[in-house]
Number of protein chains: 2
Amino acid sequence: MASASCSIPLSRVKITSEFWVDRRHAIRHGSLPAIYEQMKLTGRWDCLKLKWKPGEPNPPHRFWDSDIAKWLEAGCYFLSSDCDHQLADLVEEAVSNIRRAQQEDGYINTYYTVVEPSKRWTNISWSHELYDAGHLLEAALAHYEYTHSMRLLDPLLKYIRYIGSVFGLAEGQKAGYPGHQELELALLKTYEVTGDKALLELANYFIEERGQHRPEGHYFDIEAEARGESPTPGPAPRDAPRYSYHQADRPIREIREVEGHSVRAMYWLTAVASLARLTKDKSLLAAAETLWGSTKRKMYVTGGLGSVPAWEGFGPDYYLPNETGYLETCAAIGLVLFAYQMLLISPYNNDYADVVELALHNAVLVGVSLDGKRFFYDNPLATIGKHTERSTFFEVSCCPANVSRLIGSLGKYIYTIGSDGAVHVNLYISSTFDIKQSNGQHTRMILESNGPWKGGAKVTLAGEAGSEVRVRLRRPLGAESFRVEGASQGDYDGVDVEMTANSSLTIHFAYNARLIYPHPLNIDNRGCVAVARGPFIYCAETIDNPHVADLRSVRLSQPLEVTEVIDEDSFSEWGVKPVVLMVLASLVHPETHQVQEKTRLRLIPLFMWANRGRSDMRVWLPVTNPGETTRSDRVMK
Amino acid sequence: MASASCSIPLSRVKITSEFWVDRRHAIRHGSLPAIYEQMKLTGRWDCLKLKWKPGEPNPPHRFWDSDIAKWLEAGCYFLSSDCDHQLADLVEEAVSNIRRAQQEDGYINTYYTVVEPSKRWTNISWSHELYDAGHLLEAALAHYEYTHSMRLLDPLLKYIRYIGSVFGLAEGQKAGYPGHQELELALLKTYEVTGDKALLELANYFIEERGQHRPEGHYFDIEAEARGESPTPGPAPRDAPRYSYHQADRPIREIREVEGHSVRAMYWLTAVASLARLTKDKSLLAAAETLWGSTKRKMYVTGGLGSVPAWEGFGPDYYLPNETGYLETCAAIGLVLFAYQMLLISPYNNDYADVVELALHNAVLVGVSLDGKRFFYDNPLATIGKHTERSTFFEVSCCPANVSRLIGSLGKYIYTIGSDGAVHVNLYISSTFDIKQSNGQHTRMILESNGPWKGGAKVTLAGEAGSEVRVRLRRPLGAESFRVEGASQGDYDGVDVEMTANSSLTIHFAYNARLIYPHPLNIDNRGCVAVARGPFIYCAETIDNPHVADLRSVRLSQPLEVTEVIDEDSFSEWGVKPVVLMVLASLVHPETHQVQEKTRLRLIPLFMWANRGRSDMRVWLPVTNPGETTRSDRVMK
């Protein structure tokens, strides 16, 4: 705990990576306008004007405020790096709408102001009321960081003070906590910027109170009873685990397994880890680490989470079905947030940065099309005969704006600052970073990476002569033969180097296609492998393999024979020239069960699929197996 | 088609098999009273008294009539073989209730008489109105066959005449057909008993009209528009395929693949095959055979159907996931009905009787507990950490009474009569069968089987000297070394023998444990096998294997080392002494991935699981694989 790192301000990083400049361009000029258009069309954008009247069609939904807030937050992140008057005008319009929607006492919530004004705080277990507050606070914080104006943060802090007066264990307060976690992490982020202890205390209360069974009952039941409902209330998905759907079955330190709704769980654990770091609470850190381990056992090979669609959440350990998997884009985003908090706590444990890198390049990025305008909500690792395509929007539209704000804030994941002032390079994404050292010296780190398609990078320190910076260079995900020129070998996971101004370091590592084998309990994928290269998990898409009638009939040759090809053409429309993999495979004839002629299968990075029309896809692919010759006398089913 | 067989009257078969006498006893004295009790408690039993008034709680549901009808039908089947005054009184009470519920014009339907009286025939795509009629008709037919009284059949025939006046292509008629198929098969069954051509014609109309897109539109859309609803109306499950959920996307002869809701599909294909047999329509038979092939490609190893819970139905070919599979008990019952119709058409194609035998002993029987009092609605082939137990009833309670009526009518599946008068032995279930020959001679066939736990059987023909009966002795499912003593060898699937009165034939065959390998496209089960013996598919249940922490960590030894044990104790409470299988296996340590010490795994027939408390279960079990040694340097997920 003594060595906990800290975040860096977004404005001090400028991303230069060709790959990421393009991805961010797609978000900025594809997603943000597309989401705005959809919000205008559906009535979301203007709902904060509070014009809706009972009896009118299209009443505001419980989560609309959060949709606006996430878009606003994303917009502010992009404005932090690039001036854009049109976007800035829309951001300020949204800010004005939120300000105008605030009630006398500080309350801000469209739904409970115009649709059910008498029901405020009566259903926090299912209503998303505190969740909306959290997203509004995050948006206000992003707005403050970009504008240095308190125009939105001031009203939000007033709202938070009001929430703090409503919730708590004192006489006359409600002993409740968010039904959908989010506010907790927003409070802690804001505390780190403002230093206002009341925010820390409110977050601490929410986290400690969650899952308590008081003599007077579980808060969700007390609340349901007050509404005249049964003690298992709300729109609980069929068969969803009671309380643990909300991670509220027991207090945090007694929970051994991550269960229930994945996004709720990840936002919650992000806040738990953040609180543990800020308070140096060892038992809370132990709880976060326990649940990190549990999360890893339930994580898909792409960093996706959620194997059970019924409750958009977790199943048993290593139960990771392909076609029926849920893998909500937002859950992967939540995992990045959680992993990032763990990385701040334990910067020398590469596991956390590995998961950030994995989820970001795969489970998150697959949620948005290459042009930024279409989205996946759930991301199963295989489809059969569905000929899937992405959607322009969803009724519950959390994912599109959530991807936008994560990619908008990408800079802060690249670098973190260790407790000794060292710059930790977590992601090898070409960028510059203005380092403000404790001695007041300004230096600039220039990271030039060959990634993501090629290994190797160079780090240069520019600045006043004599200035020194300690740098932690991590071995990135999927890197082979990691070595820093001139540096003595560090541990397997990276090296620490002292850099002086105006010097450079060359970092050598290679990306080669590698096979990932399923865990022994992941028996849905027994006899299959996933193919990866660098940070990317690859898949076979039907559109690339018209000679394969059914992707399930493929048998990759063992040992894998693979050729790497830079594809200049297929995705040129979107400026991406990926390394695609041509692998040798056999095809099994579905009728005769005979292994047919050898063929080559084209694999592309998962995040690139479903951009060229309706298609099917498969990540885990069967391998030929010397122990399983095809015998025609076998009974087959 | 020339060689089509026919059914036999239930009253002429008496089942003597110890195994099946026990199972039928559990249904008769466990299920029927339990279902009756639940129907009384929930208001179903008395709903036909039409006492419910608008505004009162607990309104009758759309499908309640069918619940009563199926129970009534089952009761009549049991009364056909055994006198039972108490059951007979309840049967007559139900008959009286149905008679009293009939309206002036012949109409019988609780829901549309008391709940929505103005909505009759406005929503046949989703309302179960014609489905209820079908079950009532089947009940009436069973009642007639048991009592030889028309007390229920007469009112039902009046109702059918009324339905025939409402539906059709004539001016003023509705060009509709059942949203949930059932009435079609009931009409054809009744036609076979009464010879009333109007029933055949109405069934023919429903089958031919289904899926037509008339110039004025698809009937489901016309109906929805008349209700003021959108053209994709009703409680359609999310993502359910439009029209094909109901098998109504195209006319029967144009459909190449069985899709949508499994129970609907099986009832429909039962009627299609039945109509093809009765009309000798070759193109209709070809359609039935095409869809039989499609059904087989979507059938689980147990005879279960339905891999997609969202629409309780079919997914792509060979997509047969375990934990998320639906395998509704009613769908397996429907498969038995469909296979039986195909068996009547092509009695020398063993495939059909094989599927009857498979589904009956596995996918159907697993739906009811050994004491007959608890039920499964869906029957996935594996559970993890759910510690499943059976339910006493369901809100939608089609399965319990459906199992009861199938087991009640078991006798008719054992024997069928070929077009040449030959007796076909389809199932080796000990029983006697009174044969009425065309020359008026009476003979009795006595079938003494060692099954289901042991192979081998004996057939004796008793009767007047000189009488002769041709007998087709089929090779039963899972039988090895099938041979009939004294008979010259027939084809692989069975032999035909001429038997004279007062002679016996000994039929030799052996049951040994056998392995079933997954189809190459069934890659969820790659590297796994299912273990079977005789008609039974086996499973590992956690309660039998406390030394195995997780059934997914099991690796069966190859070649399989298996010991057969007669278990005298575990199930003695229910009178079953099964052959259980002890198989040699290794366990993989989930952390180290090392194969640990050899152990023995206890396997029981699938239908016996979940009778001894909460448990988990798995049918497909991983095998050790010489080509896949455990390597610790592999990346696992």
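B:Val115 is found in helix α4 of chain B, which spans residues 110-115. The model is a predicted one.

**B:Val115 and its surroundings**

- B:Val115 counts as partly exposed, because its relative accessibility is 22% and the buried class ends under 20%.
- Leaving aside residues up to four places away in sequence, B:Val115 touches B:Trp52, B:Pro59, B:Pro60 and B:Thr110.

**Interface of chain A and chain B**

- Chain A brings 45 residues to the contact, and chain B brings 45 residues.
- About 4,300 Å² is buried between chain A and chain B. Carbon and sulfur atoms give 54% of that area.
- The rule finds 11 residue pairs in polar contact across the interface, both residues being at pLDDT 80 or more.
- On chain A, helix α11 (282-297) and strand β13 (514-516) each supply at least two residues of the side that touches chain B.
- By class, that side of chain A has 23 nonpolar, 9 polar and 13 charged residues.

**Domains of chain A**

- Chain A is divided into domain 1, domain 2, domain 3 and domain 4.
- Domain 1 comes in two stretches, 17-52 and 63-234.
- Domain 2 covers 245-367, domain 3 covers 417-511 and domain 4 covers 514-622.
- The centres of domain 1 and domain 3 of chain A, taken over C-alpha atoms, are separated by 37 Å.

**Cis peptide bonds in chain A**

- A:Gly451 and A:Pro452 are joined by a cis peptide bond, with omega at about 0 degrees. A:Pro452 sits in the loop between β7 (442-449) and β8 (457-463) of chain A.
- A:Gln558 and A:Pro559 are also joined by a cis peptide bond, with omega at about -5 degrees. A:Pro559 sits in the loop between β16 (554-556) and β17 (562-566) of chain A.

- A:Gln247 is not a glycine, yet its phi is positive, at about 55 degrees. A:Gln247 lies in the loop between α9 (219-226) and α10 (262-279) of chain A. A:Gln247 counts as buried because its relative accessibility is 3%.
- B:Ala610, a residue other than glycine, has a positive phi near 60 degrees. B:Ala610 lies in the loop between β19 (595-605) and β20 (617-618) of chain B. B:Ala610 counts as buried because its relative accessibility is 8%.

**Salt bridges**

- Side chains of opposite charge can pair when their charged atoms come close.
- Over all chains, the count comes to 79 salt bridges by this rule.
- A:Arg297 forms a salt bridge with A:Asp317, and their closest N and O atoms are 3.0 Å apart. The pair links distant parts of the chain, 20 residues apart. A:Arg297 is in helix α11 of chain A, and A:Asp317 is in the loop between α11 and α12 (329-345) of chain A.
- A:Arg297 is partly exposed, with a relative accessible area of 27%. A:Asp317 is partly exposed as well, at 21%.
- B:Asp496 forms a salt bridge with B:Arg472, with the closest N and O atoms 2.5 Å apart. B:Asp496 lies in strand β11 (residues 494-500) of chain B and B:Arg472 in strand β9 (residues 468-474), so the pair ties together parts that are 24 residues apart in sequence.
- B:Asp496 counts as partly exposed at 27% relative accessibility, whereas B:Arg472 counts as buried at 4%.
- B:Arg602 and B:Asp567 meet through their side chains in a salt bridge of 2.1 Å, N to O. B:Arg602 lies in strand β19 of chain B and B:Asp567 in the loop between β17 (562-566) and β18 (579-588), so the pair ties together parts 35 residues apart in sequence. Both B:Arg602 and B:Asp567 are buried.
- In chain A, salt bridges that share partners join A:Asp420, A:Arg470, A:Arg472, A:Asp496 and A:Glu498 into one network.

Key. Residues are numbered from 1 along each chain as its sequence is written. Chains are lettered from A and ligands numbered from 1 in the order in which they are written. This is a predicted model: local features need pLDDT of at least 70, side-chain atom pairs count only at pLDDT 80 or more; totals for chains, interfaces and linings use all residues. Side-chain values use heavy atoms; hydrogens and water are left out. Contact means heavy atoms within 4.5 Å. Buried area is the accessible area (1.4 Å probe) that two parts lose on being put together, summed over both. A polar contact is a pair of N or O atoms within 3.5 Å; within protein, one must be able to donate a hydrogen and the other to accept it, and residues adjacent in sequence count only if both atoms are side-chain atoms. Helices (H or I, at least four residues) and strands (E, at least two) are DSSP runs, numbered from the N terminus. Ala, Val, Leu, Ile, Met, Phe, Trp, Tyr, Cys and Pro count as nonpolar, Asp, Glu, Lys and Arg as charged, and the others, Gly among them, as polar. Domain bounds come from an automatic or database domain assignment. Buried means under 20% relative accessible area, exposed over 50%, partly exposed in between (1.4 Å probe, protein chains only). A salt bridge is a side-chain nitrogen of Lys or Arg within 4 Å of a carboxyl oxygen of Asp or Glu.
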